[in-house]
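Here's a quick briefing to read with the model open beside you. Take the topics in any order you like.

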Amino acid sequence: MKKERDLLKTLSRTFFTLHHHHKPSITKMDPSERYCYKPTLRWNSEVEEFFVNAYGADRFSRISEALTRPSCYSCIRVNTLKTTSDTVIKKLSVLLQESGWQSNPAGGASSPQESNGLEKNSFISKCKIPNLDYVVFVQGSGPHTIDYGYTEEKPPKEVIVSRKCAEAVLRGARVYVPGVLACSAHVEKGEPVAVSVALERPGTEGGWGVGFTRGTTLQGSETDPYYFERNGLYIGQGTTTMSRAGMFREPNGVALEMTNRVFNLPSFRDLLEGDIFLQNLPSIITAHALDPQEGEKILDMCAAPGGKTTAIAILMKDKGEVIAADRSHNKVLDIQNLVAEMGLKCITCYKLDALKSVRQIDESHSQDARECVESESIQRLESSTPVATSGQLTNANGTSKAELRKNSGKMKNGPGRHDSVGGRVERSKGFLPNSFDRVLLDAPCSALGLRPRLFAGEDTMKSLRANAKYQRGMFDQAVQLVRPGGVLVYSTCTINPGENEALVRYALDTYKFLSLASQHPKVGGPGLIGSCQFSDGYQEEWLRPGEEDLVQRFDPSSPLDTMGFFIAKFNVGPKDV
C-alpha cells in the first residue's frame with residue numbers, strides 16, 4: 001500500500017510537468033512566455049501511443065494542438081420553418097454590433113478557408129456547401145496577443161478559473177462565480193485582472209483535482225498555486241463585476257466581464273431564440289446524412305440536447321414522426337423545451353435507456369403488447385391529487401406522510417444529482433423491432449473531438465475500450481429497430497478510431513444485411529484503414545480498402561476547422577439473409 005501511495009505521489013509531481021514549466025534557473029522572467037496562450041494537451045501515455053500509431057506522430061501532434069483552440073467561427077443553423085437565412089443575417093448583424101462585439105479578423109488568425117463555405121473576409125454569411133444555405137457562419141478571430149500590463153515591480157492582479165470555465169470562455173462565454181477558483185488579494189469591483197486556468201492533476205489519494213482550496217488568495221509570487229504551471233495558460237483579461245469577497249461569497253452571478261480575449265467569438269445567449277440554433281457543422285451534416293423524408297417515422301436514440309432531433313424535423317418540414325429518446329429525465333425536459341421554442345409539432349420525447357430501446361415481447365401476450373400504448377406518463381406531484389397506496393397514511397389533501405417527508409427533505413437539501421428539476425416526461429417501454437424508417441445513433445462517447453479541450457489525462461485505453469463496448473450494445477439495439485430497406489446513421493464526437501472505424505467493422509462483420517452507404521453532402525475526410533494490435537493480444541480492426549471514402553471523418557486540424565467528428569451511414573437490407 002505504501003508503494004502505491006509513493007507511486008501516486010511521484011505521478012502527481014511529474015504527470016503534467018512541462019519543460020517550460022520547470023522553475024527557471026534565473027530570477028528574471030520573460031512576461032511574453034508567461035502571459036500568453038500556448039497550452040500543451042497532455043494524454044495518458046498509452047492513449048498517446050495508440051493515437052500516434054493510428055494517425056502518425058506529425059498528424060496527431062497537429063490534432064492535439066488544434067483541440068486546444070476553438071474553431072475561429074461560429075456555426076448557426078436557421079429554423080427555416082420560421083425565418084430565412086437572409087433575415088437572420090440582417091438581425092444578427094444589428095444585434096451583435098449593438099452589443100459591441102467586433103470580429104476584428106485583422107488582429108487574429110486568417111479567415112477559415114472557402115472549403116468550409118465561409119466567404120473570405122466576410123463577418124457573417126451563408127454557408128456555400130450545396131444544400132446548406134440555411135447554415136450561417138459568424139467569423140471570430142484569434143489567437144490574439146494581449147498586453148496584461150506586467151511590470152517587474154507590479155505584476156497584474158489575477159483570477160484563476162477552472163478548466164471547464166476556461167473552455168467555455170474560449171468559446172465566447174462569460175466568467176461566472178462558480179468557475180472562479182482563486183483571486184489576488186485586495187481586488188475590488190471594476191478592476192482589471194489577468195485570467196488564467198488551473199488544470200487537473202492526479203491526486204495523491206487517486207482521482208483528479210486542482211490541488212488547492214477554492215478561495216485561495218494569490219500573492220503574485222512563485223509560492224502561488226500552479227505559478228509555473230500556469231505559464232502559457234492565460235486566456236484573456238477581464239474587469240471584475242464584484243469584489244474578491246463577493247466572488248467567494250455569492251453562490252452565482254457574473255464574476256467578471258472579459259474585455260480582451262485570446263479568441264474573440266460572440267455569445268448568442270438569448271439571441272433570436274427559436275429562429276436559430278448554435279450547432280457544430282458536422283452535427284448539421286449528420287442530420288443530412290440520415291436524409292429524412294416527409295411522412296417517415298424516425299428515431300433519435302440519444303437525442304439530448306436536441307440539436308440533431310430538431311434539424312431532422314425541419315428537414316422533414318415538420319411532417320412525419322420523430323421520436324427523441326434519452327435516459328435522463330432532465331435532458332428530456334431540455335429537448336422538450338427546445339422543441340417548443342422552435343415551434344415543432346412532429347417530435348415526441350421519451351425517457352428511455354438506449355440499451356433498452358427494443359421492447360421485450362412475451363410471445364404469449366404479443367398481441368396484447370402490440371395494442372398497448374408504448375409509453376406511460378410521469379406526472380409532477382402537483383399535477384394531480386396523489387393516491388395513497390395500501391398501508392400509507394395521508395393528510396387532508398391526500399398526500400402521504402412519506403411523500404411529505406421526502407418533499408421536506410428536498411426543500412432543505414435541494415435536488416439530488418439524479419432528481420429531476422420538475423416537469424412531465426413520457427417514459428417509454430421501448431419499441432417493436434423494425435418500427436422505424438430511419439434511426440440516428442449519435443452515441444455517447446469519449447468526446448475527444450470537442451474543442452477547445454485543455455485536459456485529456458483522465459482517458460485511458462481501458463476506458464476507451466469500455467466506451468466501444470457500450471456503443472456496440474447500443475448499435476445492436478439500433479439495428480433491430482430499423483426496418484429492412486431503411487437507414488441507420490452512427491456518429492460520435494471523438495477522434496478515437498476504436499469508437500469509430502472499429503464500430504463500423506463490427507457492424508459489417510456482425511450484420512451481413514448492413515452495407516455502407518454514400519453520404520451527402522460529403523464534407524469530411526476519409527476514415528482510417530487497418531488495425532491495431534494491443535499488448536494484451538487484442539486486435540482492433542478498422543476499415544478495409546474501399547470503405548474509407550464511404551464514411552466522414554472530421555479532423556480538427558484540417559482547413560475545415562471543425563470539431564473532431566465521425567459519421568457512418570448504413571443501408572439496411574433484408575434481415576433474413
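What follows is a short tour of the chain, its sheets and some of its helices.

This is a predicted model, in which local features need pLDDT of at least 70, side-chain atom pairs count only at pLDDT 80 or more, and totals for chains, interfaces and linings use all residues. Residues are numbered from 1 along each chain as its sequence is written, and side-chain values use heavy atoms, with hydrogens and water left out.

**The chain overall**

- You'll find 14 helices and 25 strands here; helices (H or I, at least four residues) and strands (E, at least two) are DSSP runs, numbered from the N terminus.
- Of the 577 residues in the chain, 51% count as buried, and buried means under 20% relative accessible area, exposed over 50%, partly exposed in between (1.4 Å probe, protein chains only).
- Take the contacts in the chain with a separation of 6 or more: 79% of them come from residues 24 or more positions apart, where contact means heavy atoms within 4.5 Å.

- Strand β7 (residues 192-198) has six of its seven residues buried, so the rest of the structure largely encloses it.
- β7 runs parallel to strand β4 (residues 158-162), with five bridges joining them, and antiparallel to strand β11 (residues 234-240), again over five bridges.
- For landmarks in β7, S196 is the bridge partner of I160, while P192 stands opposite T239 in β11.
- β4 also runs antiparallel to strand β6 (residues 180-184), joined by three bridges, and in β6 the bridge partner of I160 is A182.

**The four-strand sheet**

- Another open sheet has four strands in the order β2-β3-β1-β13, with antiparallel pairing.
- Its edge strands, β2 (124-126) and β13 (276-278), each pair on one side only.
- From one strand to the next, the twist averages 30 degrees.
- Strand β1 (residues 73-78) and β13 run antiparallel, joined by three bridges, with I76 opposite L278 in β13.
- Helix α5 (residues 85-98) packs on the sheet and touches β1, β2, β3 (135-139) and β13; its direction makes about 170 degrees with that of β2.

**Two helix pairs**

- Helix α3 (residues 45-55) and helix α4 (residues 57-67) pack at about 120 degrees, their axes 7 Å apart.
- α3 passes α4 in a right-handed crossing; a crossing is left-handed if the near helix is turned anticlockwise from the far one by less than a right angle, and right-handed if clockwise.
- On the α3 side the contact uses E48, F51, V52 and Y55, and on the α4 side A57, R59, F60 and I63.
- Those residues divide into six nonpolar, no polar and two charged; Ala, Val, Leu, Ile, Met, Phe, Trp, Tyr, Cys and Pro count as nonpolar, Asp, Glu, Lys and Arg as charged, and the others, Gly among them, as polar.
- Helix α13 (residues 461-481) and helix α14 (residues 501-510) have axes that come within 11 Å and cross at roughly 40 degrees.
- α13 and α14 are therefore oblique to each other: angles under 35 degrees count as roughly parallel, over 145 as roughly antiparallel, 65 to 115 as roughly perpendicular and the rest as oblique.
- α13 passes α14 in a right-handed crossing, where Q471, R472, F475 and D476 in α13 meet L503, Y506 and A507 in α14.
- The residues of that contact come out as four nonpolar, one polar and two charged.

**Spots to click on**

- E48 belongs to helix α3 and is partly exposed, with a relative accessible area of 36%.
- Leaving aside neighbours within four places in sequence, E48 is in contact with W43 and F60.
- E48 and T460 lie 412 residues apart in sequence and 9.5 Å apart in space, C-alpha to C-alpha.
- Helix α8 (residues 281-290) is mostly covered, with 10 of its 10 residues buried.
- D291 follows α8 and has a positive phi, near 55 degrees.

Notes
Two strands pair if DSSP finds at least two bridges between them. Axes are lines fitted to C-alpha atoms, for helices over the stretch in contact, and angles run from 0 to 180 degrees between N-to-C directions.
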